[in-house]
Amino acid sequence: MNPFQIIALGVVALLLLLSAVLLVKGWATRRDAILWMLLWLAAGVAIVWPDVTKVVANALGIGRGADLLLYCTFVAMMVGFLMVYARLRRLRRELTLLVRHLAITNAAVNTSPPSPEDDPRTSGSDKAPANEA
Amino acid sequence: MASDPTRKTPALDEAVRADTFVVIAAYNEATCIEQVAREVRRVYPHVVVVDDGSSDTTFEAARRGATYVLRHPLNRGQGAALQTGIEFALLRGAKFVVTFDADGQHRVEDIQAMVAPIAQGLCEITLGSRFLGGTKDMPTERRRTLRMAVLFTRIVNRMDVTDAHNGLRGFSRTAASMIDITLDRMAHASELLDQIRSSGLSYTEIPVQIRYTEYSIAKGQSSRNAIQIVVQYVLGKVMP
């Protein structure tokens, strides 16, 4: 194994361990943790036996294994971006509903009738502060 | 206030006025909101101001002028603020809801023209149009942008309206209950038209006048924003 493989394998092993911890401690959902672990395992395989990606790539009609990985990365990032965006929209919407609820619950009501200065016949000036006691 | 008797609408009954809620969304409008709310309240007893998380003293100013003042603890955009005001008005038993801009660009006299057709049962929704009315002093660039917006509306919303982004709108109680503005920021105008069309509610355009003051021009949407509004609206359509 060349130095790159050793370093990359170390990193992937750490990430795999981390995902396992998440799963055991219940900090991530079971489905998410297992998906991540599978991803790291696949990465490990691709690092140790790079030819595997080439076989898959050729089967799909792509020349190099590295290209296959590049395309997969691009698709994964786009999907991730859309998921984050959808979540952001949902959060925004929920925040608005919460803010609306607060605003309606805490509405300030002016029970006093419009003050005499408001009478159009007497109010000539622009400023006529209401005297609220 | 300059009254312009170019057009006569019969004055509304006392009962209709008492059932009308005027909803004003205000964001950093401390300089004029009190005056605007007060002018409306002289004629309509129920004036609802929604302070959309302003950083200035809009809330305090609105308290002196309006009947009800609601405060968004965070800024959520004009569409969200209007929806809050409409829901509040419905909770308070409104039979008619009129939305009115905070910057003093609308005339209080125009409100009755917005409510009258609904009160008479002629339609469920009224939309103000500055192009049907004799609006003067409209800046050329503003006119051009709005014409584009109308074209956009005719194509995308498939509605034959003359003014797509007028803040003066009237709703019957039924219509107001069916409207649910979810696009928080300015794209809500197109969204609203979508909902009106798909709900099958009857609507009429009402000629109104806009007062283009230096203040209302400065506070208004810039033409550059128009692009943003279109993008936001389209994204709102494709994303759930």
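**Entry 1. Surroundings of V23(B).** I began with V23(B) and listed its contacts, leaving out residues up to four places away in sequence. V23(B) touches V48(B), L82(B), G85(B), I86(B), A89(B), V97(B), V98(B), T99(B) and F100(B). I note that the model is a predicted one.

**Entry 2. Nonpolar core.** I then asked which residues have the most contacts inside the largest nonpolar core. They are V22(B), V23(B), I24(B), V48(B), V49(B) and V97(B), in a core of 62 residues.

**Entry 3. Domains of chain A.** I turned to chain A and looked up its division: domain 1 covers 1–49, and domain 2 covers 64–106. Taken over C-alpha atoms, the centres of the two domains of chain A are 24 Å apart.

**Entry 4. Contact between the chains.** I looked up how many residues meet across the two chains: 21 of chain A are in contact with 26 of chain B. On the side of chain A that touches chain B, the elements giving two or more residues are α4 (65–105) and β1 (108–109). I recorded α4(A) as the element that gives the most, with ten residues.

**Entry 5. Strand pairing.** Finally I examined how β1(A) pairs with chain B. Its partner is strand β3 (residues 68–71) of chain B, and the two run in the antiparallel sense over two bridges. Within β3(B), I found Y68(B) to be the bridge partner of V109(A).

How values were computed: Residues are numbered from 1 along each chain as its sequence is written. Chains are lettered from A and ligands numbered from 1 in the order in which they are written. This is a predicted model: local features need pLDDT of at least 70, side-chain atom pairs count only at pLDDT 80 or more; totals for chains, interfaces and linings use all residues. Domain bounds come from an automatic or database domain assignment. Two residues are in contact if their C-beta atoms, placed from the backbone, lie within 7 Å. Helices (H or I, at least four residues) and strands (E, at least two) are DSSP runs, numbered from the N terminus. Two strands pair if DSSP finds at least two bridges between them. A nonpolar core is a set of buried Ala, Val, Leu, Ile, Met, Phe, Trp, Tyr and Cys residues joined through C-beta atoms within 7 Å. A residue is buried if 20 or more other C-beta atoms lie within 10 Å of its own, exposed if 12 or fewer, and partly exposed in between; C-beta atoms are placed from the backbone.
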